Amino acid sequence: MSETSGFGKMVSKLGALISEKSAVEKVADNPELMAELLLLVRMSFADGSVNAPEAAAFTSILGRELDLDADEAGEVLRFIDEFGYETSSAQAAEVLADLSDERKREVMAHLAQMARADGSVTEAEKILFHATAKRLGLE
């Protein structure tokens, strides 16, 4: 009987693995998550280029803060590039406007982390940060 229950647990775990969504599927199914990631990508490019510390910050936020598989960062970025390129930063912020204030502050903390990742915050990064905060009703 214990072998059967052990086997049942194994089958259950395998089923969960098989049915678990990829990071891209999670992003595609969640407009708020897509909007936040789009803003993070825009912040990483706000100073004109993406460097290694900014890429590392994005991957860290993806895995640690947003509970996505950080190993899938490349696929997530390709998805955002393919499906989010026509979405402006203002439109992305509007998608987040109905989040709780706590969640809005988390989004802003992620944007600040991205802006500071390379050791300096440019004027373009400050503008994006404050414009987003204003659109979220936090300024």
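The secondary structure of this protein, seen here in a predicted model, comprises eight helices and zero strands. The protein has 139 residues, of which 32% are buried. Among contacts between residues at least 6 apart in sequence, 75% join residues at least 24 apart.

In soluble globular proteins, nonpolar side chains tend to be buried together. The largest nonpolar core of this protein holds 31 residues, and V27, L37 and L68 touch the most other members. Two or more residues are given to this core by each of α2 (23–28), α3 (31–45), α4, α5 (73–84), α7 and α8 (123–135). Helix α3 supplies the largest share, nine residues.

The surroundings of L68 can be described in turn. With neighbours within four places in sequence left aside, L68 is in contact with A23, K26, V27, L33, L37, L62 and G63.

**The pair α4 and α7**

Two packed helices are described by the angle between their axes and the distance between the axes. Helix α4 spans residues 52–65 and helix α7 spans residues 101–116; their axes come within 8 Å and cross at roughly 155 degrees. Because this angle is over 145 degrees, α4 counts as roughly antiparallel to α7. The crossing of the two helices is right-handed.

| Helix | Residues in the contact |
|---|---|
| α4 | E54, A57, F58, S60, I61, R64 and E65 |
| α7 | H110, Q113 and M114 |

By class, the contact of α4 with α7 has four nonpolar, three polar and three charged residues.

**Residue L111**

Helix α7 also contains L111. This residue counts as buried because its relative accessibility is 0%, and buried means under 20%. Not counting residues up to four places away in sequence, L111 touches L39, L40, M43, F129 and T132. The C-alpha atoms of L111 and F58 are separated by 9.7 Å, although the two residues are 53 apart along the chain. F58 is also one of the α4 residues in the contact with α7.

In summary, the predicted model shows a protein of eight helices and zero strands, with a largest nonpolar core of 31 residues and a right-handed crossing of α4 and α7.

Terms used. Residues numbered from 1 in each chain as written. Predicted model: local features only at pLDDT ≥ 70, side-chain atom pairs only at ≥ 80, totals over all residues. Heavy atoms only, no water. Axes fitted to C-alpha atoms, helices over the stretch in contact; angles between N-to-C directions. Helix = DSSP H or I, 4+ residues; strand = E, 2+ residues; numbered from the N terminus. Parallel < 35°, antiparallel > 145°, perpendicular 65-115°, else oblique. Left-handed = near helix turned anticlockwise from the far one by under 90°. Contact = heavy atoms within 4.5 Å. Nonpolar A, V, L, I, M, F, W, Y, C, P; charged D, E, K, R; others polar. Core = buried A, V, L, I, M, F, W, Y, C linked by side-chain atoms within 4.5 Å. Buried < 20%, exposed > 50% of the residue type's maximum accessible area, 1.4 Å probe, protein only.
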